[in-house]
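Here is a walk through one multi-chain structure, going from chain to chain. Have the sequence and the model open while you read.

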Amino acid sequence: MPILSLLIFLPLLATAFILALPTRYKSSYKYIALAFTVVQFVLAGICYAHFDASQPGVQDLGGYQFVEQLPWIRLDLGSIGKLEIDYLVGIDGISMPLLLLSAFVMLMAIGASWNIQKSPKGYFALLMVLNMAVMGIFCALDFFLFYLFYEVMLLPLYFLIGIWGGARREYAAIKFFLYTLFGSVFMLLIIVGLYFSVINPLTGAHTFNMIYMMNPQNYLGDSIFGWDGYQEILGISARLVGFVVLFFAFAIKVPIVPLHTWLPDAHVEAPTPVSIILAGILLKIGGYGIIRICYSIFPDMAALSNWWLGLIGVISIIYGALNALAQKDLKRMIAYSSVSHMGFVLLGIASLTAEGISGAMFQMISHGFLSAALFFLVGVVYDRVHDRNIYSFRGLAQLMPKYTGYVAVAFFASLGLPGFSAFIGEAFVIIGSFNAASVGTGLPRWMAIAGSIGILLSAAYFLWTLQRMFFGQIRLKGGESWANELNDINSREQLILFPTLALALLLGVMPSLIFNNLNASVLNLVSFIQQFI
Amino acid sequence: MEIILFYAFAVLAIGSALLLVNLKNIARALFLFFIVLFAMAGLYLFALADFVAITQIMVYVGGVLILMLFAFMLSNKELLKDLQDSSGSFLSMPKWQAIVLTLGFLTLMILGINEWQQSIPTWILQARQNNTEIIPTDNNIQQIGLRFMTFYVLPFEIISVFLMMALIGASHLSRKERNR
Amino acid sequence: MITLTHFLVVSACIFCIGLYTVLSKKNAIMILVGIELMINASILNFVAFGKYDKVSYGGQIFALFAIVLAAAAVAVGLALVLNVYRHYKTINPDQINELKDK
Amino acid sequence: MNQLAHISPIYTALLTVAAPLVAFLYQALVGKRDQSGIISLLGIVCSFIFAALTWLTIWNHPVVSAQLTWFTIGASTFKVGILLNNLSVLMLLLVPTVALPVHIYSRAYMKGDPGVHRYWMYLSLFCFAMLGLVIMDSLLLMYIFWELVGFASYLLIGFWFTRETAVQANKKAFLVNRIGDLGFLIGLAIIFTQFKTLNLVDLFGEAGLIYQSAVTNGQWVSPVNSMDQIWLTIAGLAFFLAAMAKSAQFPLHVWLPDAMEGPTSVSSLIHAATMVAAGVFLLATVFPLFNESTLLFIATIGTITAASAAYFALGQYDIKRILAFSTISQLGFMMVGIGIGTWDAALFHLVTHAFFKCLLFLSAGAIIHEMTHFKVHSQLDFDPQDLRNMGGLRKYMPKTFMLMSIASLALAGFPLTSGYLSKDSIVISAYEWAQSKGDFYLLIPIILVIVSILTAFYIGRLIFKAFFGDFRIMDQVRDKLLDAPLHEASKTMLIPMFLLGLCCLFPVFSLNPFSYHDSWLMDGLLLDEYTFAPSHNAHVIIPLLLLIGSAVSWIIGWKWYVQQKYPLNANSLSLKAAFNQAYINELYQWIFVDGALKLARFCYWFDRYVVDSLVAFIQFIVLSLSRLSVWMDKHIVDGFVNAVASVTYWTGNQVRLVQNGKLQTALYSVFLFVLLGLIYLIFF
Amino acid sequence: MLAFSPYISSLIDQIIGSIPYFKPELTLIITFIGAIIASLFCDRYWDKTSFTITIAGLLLSGCYLLGQGLSHVEMVGFFDMIHIDTFATSARLIILLSTLLITIFIQQRHQHDRPLGDLYAVLLTATLGLNLLTMSSNWLMIFISVETVSISSYIMVGYFSSNKAQSEAAMKYVLFGSICAAVMLYGLSLLYGFTGNLNFDAQSHIAGLVEAPKLMISIALLFLLTGIGFKLSFFPFHVWSPDVYQGAPTVITTYLATVPKIAVVVLLSKLLAAWLAVSFYFSDFLAYAIIIIAITTMLIGNLAALRQQDAKRMMAYSSIGHTGILLMAVLVYQNNESNVLLFYLAIYALMNIAVFIFIDSLESNLGNTSIESYKGLGKQSPVLFTAFSIVLIALIGLPPTAGFVGKLLIFSKVFEQYQNFQSFGLLALLIVGALTSVISLFYYFKIPLNAFLKDSVGQYTGKSNPLLLGIGLLCTLLVVLLGLFPDVLLSAF
């Protein structure tokens with residue numbers, strides 16, 4: 001069964017259904033979307049269940065699973081050589097957890113969009129297209145295919161933010177789009193360069209196959225990204241340029257300081273479900289891209305430049321946390337906390353140790369649904385009174401005890417309370433990056449220590465928010481009318497939140513659920529890069 | 001003698017062209033244009049292009065100029081006034097800028113011609129050696145006619161289509177009354 | 001002896017005068033005149049060079065075609081200028097500026 | 001019962017931990033519907049029974065440990081397991097032993113509170129976390145429970161979340177603890193990097209990795225790795241930082257006094273007996289890691305803490321805050337115990353302190369409970385925790401008075417109490433240690449002696465002010481409320497207090513009331529040899545010194561507080577009164593009393609406004625930094641992007657300048673560009 | 001004269017031998033005459049006569065072309081006047097198909113306006129000129145073709161002259177165009193002077209250029225580029241295009257923005273392929289000039305588009321920007337490897353036609369082409385605006401559209417050249433090309449932004465011509481399908 005293709009293209013079928021169905025059945029759109037997403041989630045679950053954790057993946061196509069390969073574009077372009085683009089999908093330990101996460105977050109997003117009133121047809125159709133794109137990104141092993149999905153993902157998001165967003169939605173949407181596009185057009189140039197540098201050893205044609213790009217033997221000696229000749233672009237080593245450009249393309253997505261400013265705007269203006277997807281999936285694409293593409297294709301440069309990556313990670317952690325501390329808008333605060341938390345991902349990746357990279361992966365998964373839950377929780381209050389200012393609320397715990405409970409659990413889980421998943425991720429990032437100096441990857445120990453300050457700061461802003469908004473005597477900006485509006489969360493909302501937070505707990509207690517599938521791939525990656533240190 | 005005549009025609013052409021540019025009355029300017037065209041035709045003769053010179057006079061003087069004059073007469077007299085607008089902002093570009101620009105081009109071209117003077121193109125030297133220059137006794141009209149019907153038959157045919165199109169187009173454009 | 005340079009200098013002068021006309025005259029008809037001057041300069045070049053091309057007569061024939069094409073262009077151009085005059089009651093190019101970056 | 005005894009200690013230990021967890025889950029699921037807390041009580045009873053069984057099986061028996069694979073990350077496998085040795089089972093027994101009375105007590109104390117179901121839930125969570133902390137066999141797992149304990153404490157401090165002060169206090173507590181957690185995490189990272197394992201048995205067990213590592217040539221070499229020796233010190237300091245935060249050591253002690261915003265029963269269990277002692281427990285566990293300088297640092301900090309907190313206690317009027325400072329001070333003693341290398345003594349003091357301090361808090365709670373009732377009845381507005389509002393309570397609450405006195409005697413280290421044994425063990429050891437080190441080090445035992453005397457004084461002050469003299473508030477209400485006097489707390493509160501009172505006496509720990517060396521506890525922990533020689537003289541002189549000092553301080557206290565001869569009572573009168581005193585008296589007063597009090601006040605002021613405002617200042621700095629970064633984000637980072645955008649727009653606009661609709665402008669620009677291009681291309 | 005006469009019969013044989021290969025163009029000429037006759041005599045009885053004849057002629061010509069294409073005809077005819085190769089054939093096919101679509105567009109859009117017979121005739125001559133342009137390598141032929149196309153275009157722009165804007169656009173167009181043509185003619189005369197030969201790929205022509213003096217040949221080449229630049233509207237000869245595109249009737253704008261560029265690009269690539277094969281002063285100069293022009297064109301086109309309020313005007317700048325991309329492709333074009341260029345041209349034509357059909361459809365409802373007036377219309381005609389957005393995405397060059405594939409292929413070509421020569425100019429081209437894609441997002445997305453993201457202000461009937469909308473949607477569909485399966489088209493070239 002071509003399970004990955006099904007996983008990718010099912011949402012497209014849903015889109016077709018939704019578009020075909022006349023508007024008078026508009027209440028059924030969400031059910032269609034839900035049904036397809038559930039099926040998708042089940043499929044992802046099947047993938048998980050049948051996943052062979054011992055296969056290494058990364059630069060070894062044999063180690064990938066559920067691989068499907070179809071010739072897609074085959075052309076003879078004369079001097080450019082034969083164009084060889086495959087429909088090549090497959091997953092390894094690095095992509096599989098993210099695939100599962102995406103399916104889960106999508107499910108959450110559909111649940112969160114249950115009350116969408118404004119043209120639901122377009123909304124769900126776009127959501128499904130987005131769904132397809134993110135699935136595709138995590139499965140694609142052909143760079144062309146990857147890029148295709150990568151760009152396709154932008155468009156639905158643009159419209160989702162732009163049409164269903166808040167007051168400054170146009171600004172936010174275009175800003176988001178531009179930042180990402182800015183990274184990706186230059187990525188395109190590097191893709192082209194790689195294409196000319198790499199040949200398929202079987203056919204002798206140039207190829208977009210990422211796996212072939214990871215093998216130094218497949219590079220032509222005198223090609224621009226070749227390993228033998230020392231090629232330069234503007235006096236800088238060409239491979240370094242390639243690595244840096246790709247890194248920035250993905251780093252914008254992560255996002256790193258100072259390329260993060262699209263994130264708070266996009267989050268604040270986006271509707272809740274889109275925020276959930278943004279935080280839950282899109283940011284992960286950045287981290288995934290760095291691991292899958294930057295590191296695997298340019299392992300030598302990864303080993304060379306990880307000091308800077310680590311520095312950027314640390315700066316993101318602390319800068320994001322400081323910003324979060326000063327926010328008055330709850331959603332903005334959480335958006336900045338994402339910057340801080342994703343900084344850990346970068347730090348972990350930069351450590352080049354098994355613990356660090358696994359920790360980073362785990363942090364991505366954990367941040368995936370925790371931030372989704374946080375945004376959902378913001379959405380709960382916002383839905384009721386259309387205000388997110390922290391100072392507009394006080395003593396919510398008395399009005400909405402259950403809600404407060406969920407918020408507290410989500411906050412504490414996010415700030416790295418042991419027993420929840422974020423702790424495992426952050427702790428191992430710190431441990432891994434600390435260990436890096438001993439392994440000799442060049443990441444100094446002070447970065448680990450500086451990164452841990454972020455943990456402290458995250459406690460500060462979460463607790464402060466908890467204190468300001470939920471504790472104390474009731475004092476609402478909107479007075480009595482707000483008090484009437486602010487009902488405790490309903491069962492639909494609980495149905496979404498409970499599994500999410502339960503999952504955070506489950507993964508915190510049993511991290512092996514993720515780590516088991518990750519280990520072989522991460523070890524393979526680490527040993528692959530270690531050759532170049 | 002020949003060269004004096006050449007200079008005379010050259011001075012006539014350039015001089016009347018300069019005058020033409022600076023005249024305020026457009027009708028007079030057009031008359032000067034007439035003189036320029038004649039002078040040019042004269043210059044063509046010095047290049048042994050008698051048929052071109054004749055065509056120049058026939059087509060330009062007989063065609064273009066008359067067309068322009070008719071255009072004036074058919075429309076308002078206002079067109080004959082000089083339309084120079086002295087109060088121009090920076091962007092409406094006063095004349096001195098045009099002068100500077102033109103002189104710039106002229107300087108470059110003269111410099112270029114001067115440079116070119118040092119190295120006569122090989123093909124011209126070969127033509128002089130092989131005596132394949134056109135000489136005053138050649139029957140240009142016959143030669144041109146032959147070329148038109150052989151080597152240049154395609155352009156010759158195409159230009160007929162072109163002229164037809166221009167005719168239709170121009171007549172369509174100047175139709176005053178709309179059918180509908 | 002009339003050399004090639006003589007022709008070239010004259011044609012360069014005529015060309016530049018044409019260019020000047022085109023750039024500075026505030027009357028569309030005069031711009032057309034300027035264009036004709038520039039074309040004449042080119043024709044002069046062609047015939048001057050054509051003198052050495054007895055085999056294919058390229059210069060003179062090009063000159064002839066250029067004259068014809070220029071005449072046709074003037075016809076169309078005049079028609080269009082008159083069209084503008086109908087709408088604007090002027091043919092000063094500076095005043096015909098409805099279309100611009102706003 | 002016999003059969004039960006044959007159950008593997010592993011299981012009994014697990015059941016000990018699991019029982020409160022079950023209770024917690026039950027409370028979490030049932031929520032408001034069960035307010036009785038009976039399940040929690042049941043849970044802790046089970047815990048106690050199983051803990052006792054475990055203790056019986058393990059104490060002075062070989063170490064038992066069991067492990068299961070938890071997860072593998074990269075090539076390193078992490079295991080989850082428990083380690084049962086004398087240290088851990090001692091703690092395992094201590095926690096439910098203290099928690100059980102507190103649970104019983106709470107049933108009465110918390111009765112009628114609308115959120116009491118949460119109270120039980122949190123309390124069970126705390127017990128679970130605390131029990132888990134002591135038996136885990138891996139530093140990572142310890143860290144997890146370490147934080148969970150802090151989390152439970154956060155919840156309980158902020159139990160009355162509508163009170164602003166409570167919410168501030170719990171935030172402060174958690175954040176300060178987080179600082180310590182960072183230390184723990186960094187310690188973990190160092191250990192993991194150096195030894196590639198976090199398992200306690202592998203690290204600190206017989207021939208553990210820690211013993212195989214050594215400092216050679218400035219490098220800290222372990223079997224698997226080596227790094228600069230500075231990291232050994234840093235690791236020690238990192239773990240000590242963790243302990244400092246949790247055990248409220250100077251200057252991270254600021255959260256503990258504030259934590260008194262929680263219910264008194266909670267304060268007694270968490271902030272006096274168990275959680276705050278976890279730091280000491282941690283240090284005892286990782287003791288082999290510490291090198292000379294780290295230990296000295298620990299001892300110094302312990303001394304400073306002990307001394308400063310004792311001074312702060314002098315100036316307090318809030319009954320709970322006095323006890324809180326006293327706790328800090330005693331924790332300082334324990335730290336000194338660790339710092340001088342006698343962690344068995346520290347542990348001993350930890351255990352005895354747990355009982356008497358818990359009892360003190362419970363007694364204080366009983367008083368507050370009754371005072372609050374009285375307040376409600378009399379409809380007066382006064383602070384039920386303020387010592388100045390009390391007095392003469394002996395008449396109304398004689399049993400409480402008795403129990404509290406016993407606990408106070410234990411705290412002061414009066415012979416025949418448990419406190420005498422444990423405190424002496426530390427002070428004497430410190431003296432012996434200092435002797436072996438050199439004269440300068442004698443400062444530490446001397447300070448400790450002074451602090452002990454101060455301890456006696458402030459606890460005496462508390463007792464005298466609360467129970468002797470006249471009930472001060474009564475004056476105002478005598479006519480109105482004769483029919484509603486104070487009375488003894490209910491039996492449910494008194495019985496657990498009584499049990500704890502028993503535990504404050506020497507027989508529980510040692511049959512010889514004067515020699516801590518005979519204590520079973522010290523035997524069990526079996527620290528083979530101290531690094532210093534014992535001094536027999538110290539065993540006689542120091543207890544005597546302490547006893548005499550305490551007695552004198554009490555006499556003074558009695559004079560001042562009971563007989564109302566307080567020399568500093570009124571500002572102007574104090575001078576007049578002083579005039580009548582003998583010169584020595586004056587000097588004495590000036591030097592010791594006045595000076596001490598002023599110093600105490602100054603220290604408290606220092607604590608309030610310098611140390612605490614240091615926290616506030618750091619908070620301010622962090623907040624300013626965060627505002628700065630927001631400003632940067634808005635104006636520089638984003639501003640840069642916006643500037644790029646505007647420049648782009650501006651350039652676009654410049655291009656449009658040509659497009660003014662005038663034909664000749666366009667033409668001119670075209671030919672200008674051609675000319676310029678020509679010049680550029682030809683000449684450059 | 002006498003020496004010449006013996007060859008005459010063989011010369012005439014050669015002419016007659018060339019005619020069969022000239023069938024597509026001959027068909028166009030005959031159709032042209034037919035259309036004139038029909039417009040004079042038959043249109044008054046059935047007003048679709050000339051239209052029918054035009055369509056039939058275009059189709060027939062297309063059939064001949066297809067035949068040529070399928071049999072891969074490569075020949076030289078009319079004494080080197082025309083070179084037929086597969087590149088030219090494919091380009092002519094694209095031109096014909098685009099013209100066909102535009103003819104239908106004209107007919108549908110203007111069926112109630114003035115008699116259109118003459119317009120079809122002019123359109124046919126323009127097509128003829130373009131066809132010749134793709135085939136010829138003789139400067140005389142090229143000049144005549146350029147003039148044919150230009151003058152036809154002037155007439156088409158001024159054809160309706162129903163309002164001020166149209167006549168103004170026509171006048172600006174004709175004056176600007178004639179000036180550029182005159183300058184080009186001067187350049188050509190100089191080139192002729194250097195070489196004594198009018199065939200740009202002849203050996204003697206290139207030999208003459210090689211030894212030409214630097215200053216003069218620089219002037220000549222730049223003057224030559226003036227004429228080509230006017231047709232392609234690249235910097236700095238682009239200034240006319242916004243005014244003309246905005247002023248001209250939308251159908252004509254479609255034509256101007258699409259079809260002439262195809263032919264001129266083919267010409268320019270052939271020229272550069274012939275000249276840049278050698279490395280002398282003149283070719284380096286030309287390559288350098290083209291690089292600079294390409295970079296500035298991309299920048300200027302995209303930057304200036306940012307502030308535009310009018311959809312047509314914006315599209316003018318957009319097409320300037322695309323010219324820059326095309327110049328990149330032209331620069332790295334090598335003989336016999338035309339499919340990348342052709343693919344981009346085909347896609348470009350498709351995208352432009354689609355966009356202008358949508359703009360026109362909106363114009364006929366709203367009465368103007370201001371982007372502001374699209375506010376909130378996305379909800380009222382979702383199909384149109386969805387397709388519109390997809391095409392705009394293709395214009396930006398984002399996947400999964402063919403615009404992306406086209407850009408990717410061009411970038412690939414340039415990159416390959418860069419890899420071979422390590423020239424900084426090529427790298428700059430790549431970077432600027434990528435950068436301007438980002439910039440272009442700003443203005444292209446103004447349209448969906450207004451349509452979907454803003455709230456509706458005015459009245460909107462939403463009716464549109466079904467046939468035209470169908471063509472627009474078909475183009476959109478093709479743009480997406482060719483983005484997913486580009487090899488279908490690429491292998492055809």
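Where does Pro236(E) lie? Pro236(E) sits in the loop between helix 9 (214-232) and helix 10 (240-247) of chain E.

## Ground rules

This is a predicted model, so local features need pLDDT of at least 70 and side-chain atom pairs count only at pLDDT 80 or more, while totals for chains, interfaces and linings use all residues. Residues are numbered from 1 along each chain as its sequence is written, and chains are lettered from A and ligands numbered from 1 in the order in which they are written.

Chain E has another cis bond between Pro399(E) and Pro400(E), where omega is about 5°. Pro400(E) belongs to the loop between helix 15 (382-396) and helix 16 of chain E. Helices here are DSSP runs of H or I with at least four residues, strands are runs of E with at least two, and both are numbered from the N terminus.

Most residues other than glycine have a negative phi, and most peptide bonds are trans. His386(A), not a glycine, has a positive phi of about 55°; look for His386(A) in the loop between helix 13 (354-385) and helix 14 (396-399) of chain A. Tyr57(C) also has a positive phi, near 55°, and is found in the loop between helix 2 (28-50) and helix 3 of chain C.

Are these two spots buried or exposed? His386(A) is exposed, with 10 other C-beta atoms within 10 Å, whereas Tyr57(C) counts as buried, with 24 C-beta neighbours inside 10 Å. The cut-offs, with C-beta atoms placed from the backbone, are 20 or more other C-beta atoms within 10 Å for buried, 12 or fewer for exposed, and partly exposed in between.

## Chain C on its own

Chain C has 3 helices and 0 strands, so its elements simply run α-α-α from the N terminus on. Its radius of gyration is 17 Å, well over the 13 Å that the globule rule gives for 102 residues, so chain C is more spread out than a compact globule. (The radius is taken over C-alpha atoms, and the rule is 2.2 Å times the number of residues to the power 0.38.) Along the principal axes, the C-alpha atoms fill a box of roughly 55 × 25 × 25 Å.

Buried residues make up 79% of the 102 residues in chain C. A contact means C-beta atoms, placed from the backbone, within 7 Å of each other. Of the contacts in chain C with a separation of 6 or more, 44% are between residues 24 or more positions apart.

## Where chains touch

Between chains B and C, the contact takes 68 residues from chain B and 57 residues from chain C. Elements giving two or more residues to the chain B side include helix 1 (2-22), helix 3 (50-74) and helix 7 (153-174) of chain B. By class, that side has 50 nonpolar, 13 polar and 5 charged residues. Ala, Val, Leu, Ile, Met, Phe, Trp, Tyr, Cys and Pro count as nonpolar, Asp, Glu, Lys and Arg as charged, and the others, Gly among them, as polar.

Chains E and A meet through 31 residues from chain E and 34 residues from chain A. On the chain E side, helix 16 gives the most, with 7 residues. The chain E side divides into 19 nonpolar, 7 polar and 5 charged residues.

Chain D has 27 helices and 5 strands, and 56% of its 684 residues count as buried. Among its contacts between residues at least 6 apart in sequence, 79% join residues at least 24 apart.

Take helix 15 (residues 319-339) and helix 16 (residues 343-378) of chain D: their axes come within 9 Å and cross at roughly 175°. That makes helix 15 of chain D roughly antiparallel to helix 16 of chain D, a label for angles over 145 degrees. Axes are lines fitted to C-alpha atoms, for helices over the stretch in contact, with angles from 0 to 180 degrees between N-to-C directions. The residues of this contact divide into 13 nonpolar, 5 polar and 2 charged.

Which residues touch the most other members of the largest nonpolar core? Val76(C) and Cys358(D) do, in a core of 794 residues. Such a core is a set of buried Ala, Val, Leu, Ile, Met, Phe, Trp, Tyr and Cys residues joined through C-beta atoms within 7 Å. Its largest share, 23 residues, comes from helix 3 (residues 58-88) of chain C. Not counting residues up to four places away in sequence, Cys358(D) touches residues including Val98(D), Leu269(D) and Leu500(D).

Methods. Two residues are in contact if their C-beta atoms, placed from the backbone, lie within 7 Å. Angles under 35 degrees count as roughly parallel, over 145 as roughly antiparallel, 65 to 115 as roughly perpendicular and the rest as oblique.
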